[in-house]
Amino acid sequence: MQIRISKNVLFQILFAICVAVPYLNNYELTFLVWGFTVVLTIQRKYSLNLLKQVLLFGSIIIIAFFSSFFNDFIAYNFIRDFTYLAKPILGLLIGYQLCKSKIKNPLETAVYVGIILAITHLLIVSYGIVFVGFRNIHQIRTFAGYFSDYEIYVIILLIFSNEFNLTISRNRKIFFITILIFSSIFYLSRTNFIQFGILFLALKGFFIFDKRKIIALLSVIFTGLILYSAIFYYNPKRNGKGIEAFLYKVKIAPTEPFKTKINADDYKDFNDNYRSVENINTISQMKNEGFYTLLFGKGLGSKVDLKKDVWLDNTQMRFISILHNGFMTVFLKSGIIGVFILIGTILLTFRKQKNNYLLQSAINKLLFGTALFLFISYWVFMGFYFKADTKAILIGLLLAYSERLSKENLITDSSKQL
């Protein structure tokens, strides 16, 4: 008895593998899988919007490539930086190519992949708590993962399932959302909470301003300030147990990436504001290199001197090539021009297809919310460049699906006129 698997199912499996592999935290494997998928699913035609995105991200790489020859670098670091800077291009192409002609129901596929990821994460967390004996958030996050932007997108897709034309029963939807919420809570990621808030407000139409929406948005901001004030005055301890450690990270969140002076000899100050440490050292070193370096960067293979050894990715390092801040990473490699180009890629995400269909409107809102969130994502966790990030695949999928809908609606309208 022969078992036949349709091409649609095979490409759904390939999509799931591409989304899941970054969670293994092995970028070499991610690059190989993503590169293979791009070649396997290559298309004859691409939309102008996607080509613009690819061109802009490619321009950042080209600037970094030529800047490299004015600075010293090691071949391994040069190649590694190239693969890191190419990651957004690969992710966008994977999502776009698989959705354009390979997968019949891309949003449903995206949802079920998210459920698999959430269940896997909860099993890992359960194992860590029950069998390893983890009792604080730092141990759990180190063992099971620090964040999952993808799962937040799936929660949004399910909450607004009617707008996205997802045919999932009410009971199954509630069950899926419950799993995803529990999984997201155990990531204990401040960025994910912000992401959910921005995307939720975007789908509710709060960023299409009128008097009522402005009042509602101000109310949300005011409520957030009250909650933050409560946490601030509660004064959670740095090494508190359970949720207190998370509240401490919330308390320091507004200043952590923006401080301009850090006492490197103060362990608490250095570690609590480590993102600022990277930014301060990067800017200082770039200024010392001169005007050309500020404009075009130090190129592929360049590194930042942290002035002391720091534990990162279970390795003690003083010189780092990739920073937490995506804007600063691009600034190091491609200078101020590269940063402006990166901002251009975000602004392109705001663009939308023009029609009045409900599903198209929901996708437009989701892309708008994504563009807003990307400014935060790049600042605190490298955005598309983070090696465990999968947002680029989903954004590529949304761009292709949006174009599919516009084409289908155009054909439908034309047939009606005939």
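The legends below describe close-up views of a predicted model. Local features need pLDDT of at least 70, side-chain atom pairs count only at pLDDT 80 or more, and totals for chains, interfaces and linings use all residues. Residues are numbered from 1 along each chain as its sequence is written, and side-chain values use heavy atoms, with hydrogens and water left out.

**View A. Crossing of helices H5 and H7.** The axes of H5 (residues 106–132) and H7 (residues 149–159) come within 9 Å and cross at roughly 125°. Axes are lines fitted to C-alpha atoms, for helices over the stretch in contact, with angles from 0 to 180 degrees between N-to-C directions. Helices (H or I, at least four residues) and strands (E, at least two) are DSSP runs, numbered from the N terminus. H5 and H7 are therefore oblique to each other; angles under 35 degrees count as roughly parallel, over 145 as roughly antiparallel, 65 to 115 as roughly perpendicular and the rest as oblique.

**View B. Residues between H5 and H7.** H5 contributes Leu 107, Ala 110, Val 111, Val 113, Gly 114, Leu 117, Ala 118 and His 121, and H7 contributes Tyr 150, Glu 151, Val 154, Leu 157 and Leu 158. Contact means heavy atoms within 4.5 Å. The residues of this contact divide into ten nonpolar, two polar and one charged. Ala, Val, Leu, Ile, Met, Phe, Trp, Tyr, Cys and Pro count as nonpolar, Asp, Glu, Lys and Arg as charged, and the others, Gly among them, as polar.

**View C. Salt bridge between Asp 81 and Lys 333.** The two side chains meet at 2.7 Å, N to O. A salt bridge is a side-chain nitrogen of Lys or Arg within 4 Å of a carboxyl oxygen of Asp or Glu, and the count comes to five. Asp 81 lies in helix H4 (residues 75–102) and Lys 333 in helix H15 (residues 326–349), 252 residues apart. Asp 81 is buried at 0% relative accessibility, and Lys 333 is buried at 1%. Buried means under 20% relative accessible area, exposed over 50%, and partly exposed in between (1.4 Å probe, protein chains only).

**View D. Salt bridge between Arg 318 and Asp 305.** The N to O distance is 2.7 Å. Arg 318 is in strand S2 (residues 315–320) and Asp 305 in strand S1 (residues 304–312), 13 residues apart. Arg 318 is partly exposed at 35%, whereas Asp 305 is buried at 14%.

**View E. Salt-bridge network of Asp 149, Asp 389 and Lys 391.** Salt bridges link these three residues. Lys 391 and Asp 389 meet at 2.5 Å, N to O. Lys 391 is buried at 2% relative accessibility, and Asp 389 is buried at 2%.
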